[in-house]
There are 2 protein chains.
Amino acid sequence: MPSLSGRRAEAARNDRTILEAAREVFLRDPTAPMSAVADAAHVGIGALYRRYASKDDLLRTLCGNGLTQFVAIAEQAATVDDPWDAFAGYITAIVEADVHSLTVRLAGTFTTTAELSTLAGRASTLGTALFTRALDAGALRGDLQPNDVTMVFEQLAAIRLDDAGRTAALRRRYLTLLLDALRPAAAATPLPGTAPTPAELGERWRRE
Amino acid sequence: MPSLSGRRAEAARNDRTILEAAREVFLRDPTAPMSAVADAAHVGIGALYRRYASKDDLLRTLCGNGLTQFVAIAEQAATVDDPWDAFAGYITAIVEADVHSLTVRLAGTFTTTAELSTLAGRASTLGTALFTRALDAGALRGDLQPNDVTMVFEQLAAIRLDDAGRTAALRRRYLTLLLDALRPAAAATPLPGTAPTPAELGERWRRE
DNA sequence: CCCTAACGGAATGGATCGTTCCGTTCAAGG
DNA sequence: CCTTGAACGGAACGATCCATTCCGTTAGGG
């Protein structure tokens, strides 16, 4: 099946392996050293630098992939008819793919590019649309704001154990709790304060 | 008023200033260098090492204070008659004092002592008692477990902006949401999975 | 059988940090 | 006053960690 063999096949395989290893490693620890990625990929450090000019470059690639995945998930969710199902499906998929850790949480550790900012803007627009649609349909508490969703992601991303499977299971548990909490309820206590502003959240995307 | 003056008064003042500065600094960043504490306290590094034999020593002190504060809050809450009010008051006070960041989140960064472990055990017992009382009184969802509370703390501790005031306000906002979510509700979706085990959570307290 | 793409990983250079050390300051006591 | 030592500030030291470079090795492809 593979049109390549031998050395060239190894290289192609490594392209994937390295990206996957990097994803896993930096998901676990955004400050991990390059050597950790090399170890995880069972590859020498040289193999990394043959593909990426620098650590920042690798991080940017990872972040770009995460953002792309985010956009894809949001676009897919937008095709769902029921506003709540669309919204809930979007949130669930983002959390399960750990996209938040891959984007926002990584964004502080390298210098952003205009392209990434643009992608981030698109992701934000799509997320807000899903939120607004659900809110207008009365499927969400009236005192919620779009950026509250970001904070939900942030809170769920904070759940992390050594074991990846357990981490996923726990996130499902608290995601269930939080999704219920976002729905309108007669007994709901009004939320105090306001959601964070884009400026408060966006400091991580500041360029240079 | 002060029975001391001059140099001795400065020293006594510094005792407090240094502890407060350390608290703030390590709350913001658990990996901050000692020099950051010195700067925040407007004090030389020497003044730190005159009081604490090492960074670990300072961290342990901070953690011990946090644990003590935790125990005090829990004991105080236990005197409240209504089980839900006791529980909710306890959670709220812990979150507002940022005790979780001061204890569990710091615990990974230094070598624990038996004394700290003991204190942690007491804190845990008290917290579980408050939880159980509320659960038995029917004030909590039946599918909750004691360690779910720890995860609530963990999630709220993840909310942190540069501005301390905003951080506190946002935590109040999401604490309100979460407290509502913990109450029994007819429409509640059953929580999948189980809360983390003590072993899963306790790895941070392992000694030596 | 010889290139050369691709690899592995030791070596380099810079940055960060905990901790030590020493010269300075200043108030209390003689 | 002058001596003394507690308390200070912060430069300097030594260890560690890391991104990145460099070069000798390997093994398909021609």
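Modeller: Happy to! The expected span of a helix is 1.5 Å times one less than its number of residues. Keep in mind that this model is predicted.

Colleague: What span should helix α5 of chain B have, and how far apart are its end C-alpha atoms?

Modeller: Helix α5(B) covers residues 83–97, which is 15 residues. At 1.5 Å a residue, its span should be 21 Å. The distance between the end C-alpha atoms agrees, because it is 21 Å.

Colleague: How is α5(B) oriented relative to α9(B), roughly parallel or roughly antiparallel?

Modeller: The two axes come within 10 Å and cross at roughly 155°. Angles over 145 degrees count as roughly antiparallel. Therefore α5(B) is, relative to α9(B), roughly antiparallel.

Colleague: How many nonpolar residues does the contact of α5(B) with α9(B) have?

Modeller: On the α5(B) side, A88(B), I91(B), T92(B), V95(B) and E96(B) take part, and they meet A168(B), R171(B), L175(B) and L179(B) of α9(B). By class, one residue of this contact is polar and two are charged, while the number of nonpolar ones is six.

Colleague: Which helix gives the largest share of the side of chain A that touches chain B?

Modeller: In all, 25 residues of chain A are in contact with 25 residues of chain B. On the chain A side, α9 (146–157) and α10 (164–182) each supply at least two residues. The largest share is 11 residues, and it comes from α10(A).

Conventions. Residues are numbered from 1 along each chain as its sequence is written. Chains are lettered from A and ligands numbered from 1 in the order in which they are written. This is a predicted model: local features need pLDDT of at least 70, side-chain atom pairs count only at pLDDT 80 or more; totals for chains, interfaces and linings use all residues. Helices (H or I, at least four residues) and strands (E, at least two) are DSSP runs, numbered from the N terminus. Axes are lines fitted to C-alpha atoms, for helices over the stretch in contact, and angles run from 0 to 180 degrees between N-to-C directions. Angles under 35 degrees count as roughly parallel, over 145 as roughly antiparallel, 65 to 115 as roughly perpendicular and the rest as oblique. Two residues are in contact if their C-beta atoms, placed from the backbone, lie within 7 Å. Ala, Val, Leu, Ile, Met, Phe, Trp, Tyr, Cys and Pro count as nonpolar, Asp, Glu, Lys and Arg as charged, and the others, Gly among them, as polar.
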